[in-house]
Amino acid sequence: MNRSLSTCWMLGCLLSFSSVLYGQGAPFKDKFRQLEEILPTPNAYRTGSGAPGHEYWQQQADYKMQIELDDKTQKLSGDETITYTNNSPDVLTYLWLQLDQNNMEKGGLAQKAEPTKLSDKMTALQFKHVFPDYDGGFKVETVRDMSDKALPYKIVETMMRVDLPKPLKKGESFSFKIKWWFNVNDRMKVGGRAGYEYFAEDNNYLYTIAHFFPRMCVYSDVTGWQHKQFLGAGEFTLSFGNYEVALTVPADHIVGSTGVLQNPDAVLSAEQKARLEKSQTATEPVMIVTPAEAKAAEGKKASSNKTWVFKAENVRDFAFASSRKFIWDAMGVPQSTGKPVMAMSYYPKEGNPLWERISTKAVAHTLKWYSHHTFDYPYPVAISVHTDQIGMEYPMICFNGGRPEKDGTYSERTKYGMIGVIIHEVGHNYFPMIVNSDERQWTWMDEGLNSFLETLAEQQWERDFPTRRTTSHVAEYMKGDPARLEPIMTNSESLRQFSNNAYNKTAVSLNILRETILGRELFDFAFKTYAQRWMFKHPMPADFFRTMEDASGVDLDWFFRGWYYTTDYVDIAIDKVRLLQLDSKNPVVEAQKRREEAKNAPRSIMSIRNEQEIKQTQDEKDRSLRDYYTDDDLFATTVLDKKDYDKYVSSLGAEEKALLQTGAKNYYEVTFELVGDLVMPILVELQAADGTKELHKIPAEIWRKGDKKVTKIFQSDKEIKQIVLDPYLETADTDVSNNYFPPKIQPSRFELFKMRNMDAENPMQKAQRARKSE
């Protein structure tokens, strides 16, 4: 690679500039070809603009359930009635349901498909993961129609087919009943997105219960039945519907749930009901169940039960949390509709002091800023539940980690991790709970979009909120071992670096699109258009890509192709720089330039040493040896030179004379090389000798003809001392060492990491100890 600076003289002011150097030898690779060759053909259901078509349809599944939670045996049992409405133009002869709890069935597909190995040293818990003895699958007892007649069904791992007694035509509904039970999993031992956490100190359980009932699969115009097996990574694809759920739990339990509580008189004290009413207009969280009440309940275990009844409209799922340990606080969040949304938090005392101080405010903050970028939050409540080491989302409710130490102190990582996970999981109400994408197939459509909005909300929470979703972090991932990289457009269950790909790379790509490619105004309009077009519907990747183009008015196929369909990485380098100055033809001016050049020309070491050692040369001793070439000014101008110049100027037109007057300007011809295969805009900063800077943005379309090297000329009145590519780290460039001219030595940073003892003090503990010793 030639990274030298050369100076050239332009021979005449009529010289034209060429801004592109065409590559030679490499076959043409069109990175700007349109995505239409990949995307599905638009139709009456989904248009070429990315909007739902005039014949768009989706199914509906309504549920009525009676659920009982046995706190003594950690068993959950249920009866449900499902009413399924066929809005499709197709006739259905069977229905498919998801049995996601069968992911934890002993000897099931998920266990068989998971690689296992033995280490020389293993804990008992690690050994149990290799040879699990927990059986958490659904135990389906009956499947019956509304006249109690048994329906034929077939369980296929995490799916169940129910054969209909007669074909279900467009516009028709079918109701049927299922009875089942399962053993709730100890989430701290066997893992899982739901389950229970056991507190040995007071012998109590905290249940976070989800995907606990057989749920309808989605039947859509794109996939037909989406019954891809649940192996643990690709989450859920679900239909919208209305829920009425009766939850029978120990009488001293407090329950948080999807939906609105229908029977507060039966489950809350008069004082708790009054607090709940007060919280609706409160500007600070109000305690509905106080720490003292929760503490008292921990030591008294009720022998009777209570039934909490909840209703939820137009949701795709249902989840709940139950424990006698819960402290419960809430506050209203104003909405443009006039009716406040209730932001709530449920947490054990082990979550304090962080949770009572931050959680509900973080919920309210999330609703404000996600609504700003999408649509007003349409549900009546948003809940954050604390249980350790988790982050999971369901309609109106989510389960979040972030636990302080037992002495009430907490690390920086715990604090910001807690805030981040609350924002992230509450944010999932928008994606995919409302903009209802296919999680089983495309994790990035909810996790990536949500992580992007999470980052925006975090920056509104605190300046420079710590995050790993930066261009530098993603650049490290993108330049990794190609054998362990997959495109963003990879099935959820096939991703090896799940978080880096579906979460971080997608989020950073959208931030680049917003900050660098489109600008905030265009991006925000397009993104909000997508969210509002597809709220309460089932979008697919093509709908997102097409809407972003349609609403922004910018061709983004090159961007989505490179970032989403390939594992290409960004690496643009400065290959070489030439300084060009206009030849003014003025003999006086040009002579002075040449004198300066000769004076400043580099000298050899021999010349320098000879000047010091040779006292007098022969022609200095004998002046008769000297002549024109030794004594005359080789750069001197003559009368004839001046006459020739005047004649030349008089022959020029007005525009040519104007150009001639710019002779003092510097022209920097910079050649850029596409080292990586991912095309991006070229962001160039010119740093002048006087300390001023100029930023130039060259659009990505400069690479449209397949060149590996392109050249641009920059004009400046000033002397440029440094040229920098991507000075603000906007493009996820994987090698910044080639982003400088002249080359800049990059400092190496060696960080020493020490394994932290579990009993080591966090900074807050150390500060408290210091204050006590004062």
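## Paired strands and the open sheet

Strand β4 (residues 92-98) and strand β7 (residues 159-168) run antiparallel and are joined by six bridges. Across this pairing, Trp96 faces Arg161 in β7. The model described here is predicted.

The two strands belong to an open sheet of four strands, ordered β6-β7-β4-β11, with antiparallel pairing. The edges are taken by β6 (153-156) and β11 (215-216); each has a single partner strand, so one side of each is left without a neighbour in the sheet.

A further antiparallel pairing links β25 to strand β26 (residues 666-674) through eight bridges. In this pairing Arg578 stands opposite Glu669 in β26. Strand β25 (residues 572-582) is largely enclosed by the rest of the structure, because nine of its 11 residues are buried.

## Overall dimensions

The protein contains 21 helices and 31 strands. Its C-alpha trace spans about 125 × 75 × 60 Å along the principal axes. The radius of gyration is 35 Å, whereas a compact globule of 774 residues would have a value near 28 Å.

Of the 774 residues, 50% are buried. Among contacts in the protein with a separation of 6 or more, 76% are made by residues 24 or more positions apart.

Helix α12 covers residues 520-534, and its 15 residues should span 21 Å at 1.5 Å a residue. The end C-alpha atoms of α12 are 21 Å apart, which agrees with that expectation. The buried residues of α12 are Phe523, Ala526, Phe527, Thr529, Tyr530, Ala531 and Trp534. These buried residues pack against four helices: α7 (354-373), α9 (444-461), α11 (498-517) and α13 (541-552). After α12 comes Phe536, which has a positive phi near 60 degrees.

Helix α7 is mostly covered, with 15 of its 20 residues buried.

With a relative accessible area of 1%, Asn504 is buried. Beyond its neighbours within four places in sequence, Asn504 is in contact with Arg469, His473, Val474 and Ser499.

## Aromatic pairs and the cluster

How many aromatic pairs does the count give? With ring centres required to lie within 6.5 Å, the count comes to 50 aromatic pairs. One of them joins Trp558 and Phe559 in an edge-to-face arrangement, at 5.7 Å centre to centre and with 85 degrees between the planes. The angle exceeds the cut-off, since planes over 60 degrees apart count as edge-to-face.

Are Trp558 and Phe559 buried or exposed? Trp558 has 4% relative accessibility and therefore counts as buried. Phe559, at 0% relative accessibility, likewise counts as buried. The threshold behind both assignments is a relative accessible area under 20%.

Both residues belong to one aromatic cluster formed by Phe32, Trp444, Tyr530, Phe544, Phe545, Trp558, Phe559, Phe560, Trp563, Tyr564 and Tyr565. Tyr530, a member of this cluster, is also among the buried residues of α12.

## Charges over rings

Two placements of a charged side-chain end over an aromatic ring can be described. The charged end of Arg215 sits over the ring of Phe236, at 4.7 Å from the ring centre. The charged end of Lys325 sits over the ring of Phe199, at 4.4 Å from the ring centre.

Ile254 lies in strand β15, which covers residues 254-257. Its relative accessible area is 8%, so Ile254 is buried.

Which residues does Ile254 touch, not counting residues up to four places away in sequence? They are Val289, Trp308, Ala321, Ser322, Ser323, Phe326, Trp328 and Tyr346. For Trp328, the separation from Ile254 is 74 residues in sequence and 8.3 Å in space, C-alpha to C-alpha.

Terms used: Residues numbered from 1 in each chain as written. Predicted model: local features only at pLDDT ≥ 70, side-chain atom pairs only at ≥ 80, totals over all residues. Heavy atoms only, no water. Expected span 1.5 Å × (residues − 1). Buried < 20%, exposed > 50% of the residue type's maximum accessible area, 1.4 Å probe, protein only. Contact = heavy atoms within 4.5 Å. Phe/Tyr/Trp six-rings, centres within 6.5 Å; stacked < 30°, edge-to-face > 60°. Lys NZ or Arg CZ within 6 Å of the ring centre and 35° of its normal. Pairing = 2+ DSSP bridges. Rg over C-alpha atoms; globule rule 2.2 N^0.38 Å.
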